[in-house]
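Hi there,

Here is the structure I promised to pass on. Please have a look at it first, and then read my notes below.

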Amino acid sequence: MPELRWGHVHDQIIEVLNHRPTDVAGVVEDLAALQKLLEAATPNDSDNPVADFNHLYWVITSTIDERLQAGEFADPAFLTLLDIEFAERYFAALRCWGNRDDTPAAWEVLFSRLRDESVRSLPSAAAGVNAHINYDLPFALMSTWAKLGSGPDNDEQHRDYLYINEIFFDRIPQLRRSYLSSWQICIDRLNGQVDDWYQNRLVEFTRDIAWRDAARMWPMRDDPTRLESERLRMDRHTAFLGWALLSPVGSLLQ
């Protein structure tokens with residue numbers, strides 16, 4: 001019998017993943033529960049690649065929920081549904097991997113390194129962000145538009161989407177430093193705001209591409225053959241970038 005993918009916490013992780021959140025607070029709770037289990041999945045190295053990304057995702061989503069509760073979004077229904085649709089793609093990929101089903105290559109490149117102690121924290125988190133934004137986000141947007149009867153031309157929804165960039169800008173510097181060792185933090189401080197600036201621009205650029213990809217595919221939504229072809233192409237390209245981030249060259253990020 002093959003080894004359980006998530007080790008001794010496999011059944012607990014699958015149980016969490018079988019829950020379907022109905023609001024952003026529910027997504028935050030599931031990510032928090034997963035964090036504890038993912039860290040326990042590798043007892044000799046709680047700082048594993050999947051847990052590294054999950055922590056970043058939990059921090060960003062927790063902040064989104066705080067801003068949502070504070071009434072800072074113009075269309076909270078759009079933002080809430082998008083957050084749920086977005087999270088479900090990550091949860092679905094985790095379920096597929098745990099059940100040894102067909103896992104998107106974009107995610108498999110990260111999940112398969114779960115027990116690889118040579119992979120560093122910052123490239124791991126970046127590889128997860130790569131899979132979630134470049135592969136999952138365009139399809140989460142399309143699903144959200146379809147359920148709300150809107151589309152890529154809705155300016156109010158687009159403004160809320162862009163506001164998420166501000167949350168990344170606020171939280172990424174502290175998150176990045178949390179993945180660094182003491183000597184790396186010293187170098188980071190010497191760089192001043194250079195690292196913050198280019199990472200903010202990278203977030204802005206990749207999320208802009210995700211919106212444009214969703215808008216480009218929106219006319220294909222009723223053509224499953226074309227849409228599947230596009231999905232496979234995006235999956236391959238995202239997986240290649242993820243592989244590069246987790247390679248020795250990608251370790252230069254940290």
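A charge counts as sitting over a ring here if NZ of Lys or CZ of Arg is within 6 Å of the ring centre and within 35 degrees of the ring normal. By that rule, Arg 207 has its charged end over the ring of Tyr 161, 3.9 Å from the centre. Arg 221 likewise places its charged end over the ring of Trp 218, at 4.0 Å from the centre.

Some ground rules before the rest. This is a predicted model, in which local features need pLDDT of at least 70 and side-chain atom pairs count only at pLDDT 80 or more, while totals for chains, interfaces and linings use all residues. Residues are numbered from 1 along each chain as its sequence is written, and side-chain values use heavy atoms, with hydrogens and water left out.

Now the salt bridges (a side-chain nitrogen of Lys or Arg within 4 Å of a carboxyl oxygen of Asp or Glu). The whole structure contains 11 of them. Helices, by the way, are DSSP runs of H or I with at least four residues, numbered from the N terminus. For accessibility, buried means under 20% relative accessible area, exposed over 50%, and partly exposed in between (1.4 Å probe, protein chains only).

Glu 85 takes part in two bridges that I liked. One joins Glu 85 to Arg 89, with the closest N and O atoms 3.3 Å apart. These two residues are 4 apart in helix α4 (residues 76-98), so about one helical turn separates them. Glu 85 is buried at 9% relative accessible area, whereas Arg 89 is partly exposed at 24%. The other bridge runs from Glu 85 to Lys 147, at 2.6 Å from N to O. That pair links distant parts of the chain, as Lys 147 lies in helix α6 (residues 121-148), 62 residues from Glu 85. Lys 147 is exposed, with 56% relative accessibility.

Further along, Glu 230 and Arg 216 form a salt bridge with their closest N and O atoms 2.8 Å apart. Because Glu 230 lies in helix α10 (residues 224-246) and Arg 216 in helix α9 (residues 194-217), the pair ties together parts that are 14 residues apart in sequence. Glu 230 is buried at 11%, and Arg 216 is partly exposed at 35%. Both belong to a network of salt bridges that also includes Asp 213 and Arg 233.

Next, the aromatic rings. Rings of Phe, Tyr and Trp (its six-membered ring) pair if their centres lie within 6.5 Å, and planes under 30 degrees apart count as stacked, over 60 as edge-to-face and the rest as tilted. The count comes to 16 aromatic pairs. In one of them, Tyr 57 and Tyr 90 have ring centres 5.5 Å apart and planes at 75 degrees, so the pair is edge-to-face. Tyr 57 is in helix α3 (residues 49-69) and Tyr 90 in helix α4, 33 residues apart. Both tyrosines are buried. They are also part of one aromatic cluster, whose members include Trp 6, Phe 53, Phe 86 and Trp 107.

Finally, where does Phe 73 lie? Phe 73 is in the loop between α3 and α4, and is buried at 7% relative accessibility. Leaving aside residues up to four places away in sequence, Phe 73 touches (heavy atoms within 4.5 Å) several residues, among them Ile 64, Leu 79, Tyr 163 and Ile 167.

Best wishes
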